[in-house]
Amino acid sequence: MAQKNKTDESQPSVSVHTLKGMYENYFLDYASYVILERAVPSIEDGLKPVQRRILHAMKEMDDGRFHKVANIIGQTMQYHPHGDAAIGDALVKLGQRDLLIDTQGNWGDTRTGDSAAASRYIEARLTKFALDVAFNKDTTEWQLSYDGRKNEPINLPMKFPLLLAQGVEGIAVGLSTKIMPHNVGELIKASIKILEDKKFVLYPDFSTGGSIDVSDYSNGKRGGKILVRAKIEKQDKNTLIITELPYGITTSSLIDSIVKANDKGKIKIKKIVDNTAAEVEIVIDLASGVSPDLTIDALYAFTNCAISISPNACVIVDNKPLFLAVNEILRLSTERTKELLRQELEIKKADLEQKWHNASLEKIFIEKRVYHEIEECETWEMVLATIDTEMRRYIADPGEKTKSGDQRLMLKRPFSQDDILRLTEIKIKRISKFNTFKADELLQQLINDIEQTVYDLKHLTEFAIHYFEELYEKYGTINPRKTEITSFESIDVVQVAANNVKLYANLKEGFIGWGLKKDEEIRECSDLDDIIGFKKDGSFRVSKIGEKVFMGENLLHVDVWKKGDDRTTYNMIYLDGASGKAMAKRFNVKAITRDKDYDLTKGSKGSKVLYLTANPNGESETVRVQLSPSSRAKKKVFEFDFDHLDIKGRGSQGNILTKYPVRKIEQLEVGQSTLGALNLWVDEVSGRINTDERGLHLGEFDTGDLIIALYSDGTYVLHNPDPVLKVEMNQLLHVAKLDEDTVITAVHYDGEKDWTMVKRFQIETSSLDEKVYFIREHSRSKLLFATTQSDVEIEYYLIDKKKKEFWTVELDEFIDVKGWKAMGNRLTTKQIRGIKVLTSDADPTTENDVAGENGYKAGDTIELDL
């Protein structure tokens with residue numbers, strides 16, 4: 001018979017737990033921990049917990065000497081629940097900021113990305129600045145450490161906006177923070193302005209230097225951004241030097257980005273060398289024929305020489321993450337500093353009052369000979385009771401007023417049992433040598449200190465201002481601003497991109513691209529360019545260049561197309577398929593939709609292009625038209641000048657050229673621009689040539705005109721009047737439009753002959769964008785004065801036997817125009833010390849006269865240092 005199974009009652013019952021809701025709670029707990037305890041700093045002291053524990057541990061160890069970082073890490077582990085690696089990394093970052101920690105040994109380099117040596121080899125201690133602003137055990141709130149063995153600060157009593165001085169970056173769960181570092185001196189001055197209720201502005205400052213555009217900074221709030229650039233100097237026409245880095249970029253990462261841009265053909269360099277030591281120095285050798293100015297713009301456009309940073313100021317306020325503006329963070333920090341100063345004053349006041357009370361008790365006890373009253377006391381209790389009775393006679397009555405001149409010493413508050421015990425511990429030797437005069441001096445000094453402290457409490461704002469002023473005197477000028485605040489011109493990446501590919505075209509099959517190397521080469525261009533292609537059927541299309549791009553069969557003309565180009569003009573004659581008439585038109589192509597076909601004819605079937613040219617400056621032209629021999633026209637050959645046509649939009653139908661069949665059209669001559677001369681300006685700060693009327697007007701430029709720039713090193717440079725040109729402003733004396741009658745007048749010192757010379761010459765060279773020396777290339781040779789103006793009279797002076805001798809000369813009459821290689825005529829065998837422009841054919845404020853930092857204008861006196 002089968003036995004029935006029974007449940008074993010002795011076996012424990014199994015409880016079932018559902019997972020519903022558990023992960024949600026765990027995630028919130030984890031997210032809160034990461035936000036509050038690891039990634040986001042506190043508004044009170046600007047520190048993350050690990051940083052706060054490091055500084056607290058260093059303060060406990062502080063004896064004025066350096067400590068091994070390994071020992072500091074071990075001390076910090078008493079408070080921080082994470083491993084030594086996390087503490088070590090945080091300590092190194094604090095030390096590299098060079099604000100709170102003095103370092104000794106190899107702490108790495110933020111500029112190069114080199115890491116610090118092992119913790120056993122490097123040492124650290126707190127700076128005087130940290131000891132002054134970050135610690136005060138009396139105003140510190142304490143909590144138990146993670147294991148309950150130690151007390152650690154909840155927040156350090158930071159009397160300085162450390163959060164904004166150091167900057168911070170952290171990633172938590174669901175949010176992040178990124179606050180830029182600021183200049184210590186500027187922060188202190190801004191705090192003073194807050195206390196004075198004045199307006200202030202605050203912008204980042206980086207230890208790596210560089211320049212910064214803060215036009216979209218938005219006080220560091222979410223959604224704002226800053227643009228940061230490296231400092232690039234042009235050593236000569238073939239060499240660039242990077243001397244300062246953008247924030248957060250190392251020399252190695254910067255070099256990598258430059259090499260990648262070169263490999264992609266965005267820039268053209270020959271070699272790059274990192275010579276960084278005490279100062280950053282990255283030397284870039286340019287390829288032959290490459291413009292250094294365009295290369296600088298290309299470096300900003302395609303490499304880490306320019307970066308965009310998006311600040312995101314998130315801080316912990318009352319145990320909650322808040323997104324604040326930088327100026328609001330500074331206000332909160334300044335108010336906290338003011339509150340900490342108030343607490344310190346209250347503590348100081350209480351301490352001074354206690355000292356006064358103790359000194360008063362001792363003085364009364366000795367002067368009033370209270371110790372004599374205890375001679376007959378037989379027990380300790382009687383001694384204490386006697387002292388208590390005698391001393392009570394000297395407690396001031398709150399309602400009693402002291403008469404004028406009453407010098408009686410009265411206690412301001414009741415005394416305690418501890419006070420009585422302290423009196424019984426006074427030794428006979430101290431009583432016998434008691435000096436009433438010194439005791440009165442001490443009491444008066446304590447009274448003065450108490451009164452001053454009370455005054456400071458009543459005038460707390462003024463006291464806080466004085467505190468910040470003293471802080472500025474000690475630390476505000478140690479590190480001046482390193483990052484230049486400026487505004488950046490927007491860089492058109494298409495304009496500055498190097499011509500890194502060649503454009504080829506198979507006109508018959510309709511393909512273009514850089515990969516068609518067996519077909520017709522059109523020109524060099526950038527892989528960012530747009531290409532326009534005109535077809536025989538009278539349509540055109542614009543497409544992005546690629547390795548092989550189909551534009552449509554039977555192409556007539558292919559070239560690079562620039563958006564908004566209102567100078568390039570197309571002259572076209574086409575056959576209208578419906579009427580059989582030949583139509584002529586002139587048009588621009590300013591804006592399009594990529595990869596879309598546009599019809600330039602009336603759209604009739606059988607329409608086709610008979611003649612098409614592209615003219616970069618709107619030039620007109622004259623063509624010879626031959627009609628079909630079988631046509632009924634009386635005149636079968638005639639000339640047509642496109643100058644008679646207006647330039648219209650691409651959709652215009654054009655004018656009737658002839659109603660008879662056309663056999664052939666050929667070009668006779670190219671005319672002048674019909675758009676009028678191109679007005680150009682030069683930005684006197686950046687040297688950028690532009691058509692936006694920004695800067696000083698250079699003049700109207702037509703076909704064949706050039707720009708000439710004169711420099712104080714005795715060179716000139718010729719440029720095509722290109723709206724994207726950038727004129728070198730360093731040592732610039734004069735920049736102007738060059739015509740066939742331009743004469744350069746120069747006064748220069750010949751280092752070989754030790755003579756001061758005058759020469760006048762016309763431009764005979766034709767090379768563009770290259771410096772041409774027109775004085776002797778000698779180490780002591782120097783250009784003293786140069787201009788393109790005529791009828792110039794100058795006054796110069798010499799120093800002979802410590803006396804100034806003044807002379808005047810009309811330069812046009814002093815020497816005739818000679819060849820550009822001639823040294824000129826001798827003005828004097830002595831070195832002249834100064835030149836003053838007396839007269840010229842142009843007003844001193846002429847808009848054609850652009851001067852650099854060494855520029856000369858009529859009426860100016862030029863002091864020369866030879």
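## Arg541 and its strand

Arg541 is found in strand β22. The model described here is predicted. Arg541 is buried, because its relative accessible area of 16% falls under the 20% cut-off. The side chain of Arg541 has a polar atom 3.3 Å from the backbone oxygen of Phe550.

Which residues are in contact with Arg541, leaving aside its neighbours within four places in sequence? They are Ile531, Ile532, Gly533, Phe550, Met551, Asp595, Lys596 and Asp597. One of these, Ile532, stands opposite Val542 in β22.

## The four-stranded sheet

Strand β22 belongs to an open sheet of four strands. The order is β24-β21-β22-β27, and the pairing is antiparallel. Two strands form the edges: β24 (555-561) and β27 (598-599). Each of them pairs on one side only.

How many bridges join β21 to β22? There are five. Strand β21 covers residues 530-535, and strand β22 covers residues 539-544. The two run antiparallel.

## Helix α7

Helix α7 spans residues 184-195, twelve in number. From its first C-alpha to its last, the helix reaches 17 Å. That is close to the 16 Å expected at 1.5 Å a residue.

Is α7 largely enclosed or largely open? Nine of its twelve residues are buried, so the helix is largely enclosed by the rest of the structure. The buried residues are Val184, Gly185, Leu187, Ile188, Ala190, Ser191, Ile192, Ile194 and Leu195.

At the start, a side-chain oxygen of Asn183 reaches to within 3.0 Å of the backbone nitrogen of Gly185. Just after the helix, Asp197 takes a positive phi of about 60 degrees.

## Met61 in helix α2

Met61 lies in helix α2, which covers residues 49-61. Is Met61 buried or exposed? Met61 is buried, with a relative accessible area of 16%.

Beyond its neighbours within four places in sequence, Met61 is in contact with His67, Asn71, Ile72 and Gln75. Take Gln75 as one of these partners. Met61 and Gln75 are 14 residues apart in sequence. In space, their C-alpha atoms are 8.4 Å apart.

## Two loops with positive phi

Ser218 lies in the loop between β8 (211-213) and β9 (226-229). Its phi is near 55 degrees, a positive value in a residue other than glycine. At 41% relative accessibility, Ser218 counts as partly exposed.

Asn319 sits in another loop, between β15 (314-317) and β16 (320-323). Phi of Asn319 is also positive, near 65 degrees, and this residue too is not glycine. Why does Asn319 count as exposed? Its relative accessibility is 61%, and exposed means over 50%.

## Cysteines

How many disulfides does a search of the whole structure find? The search finds zero. Cys305 is buried, with a relative accessible area of 0%. Cys525 is buried as well, at 1%.

Technical notes
Residues are numbered from 1 along each chain as its sequence is written. This is a predicted model: local features need pLDDT of at least 70, side-chain atom pairs count only at pLDDT 80 or more; totals for chains, interfaces and linings use all residues. Side-chain values use heavy atoms; hydrogens and water are left out. Two strands pair if DSSP finds at least two bridges between them. Buried means under 20% relative accessible area, exposed over 50%, partly exposed in between (1.4 Å probe, protein chains only). Contact means heavy atoms within 4.5 Å. The expected span of a helix is 1.5 Å times one less than its number of residues. A polar contact is a pair of N or O atoms within 3.5 Å; within protein, one must be able to donate a hydrogen and the other to accept it, and residues adjacent in sequence count only if both atoms are side-chain atoms. A disulfide is a pair of cysteine sulfur atoms within 2.5 Å.
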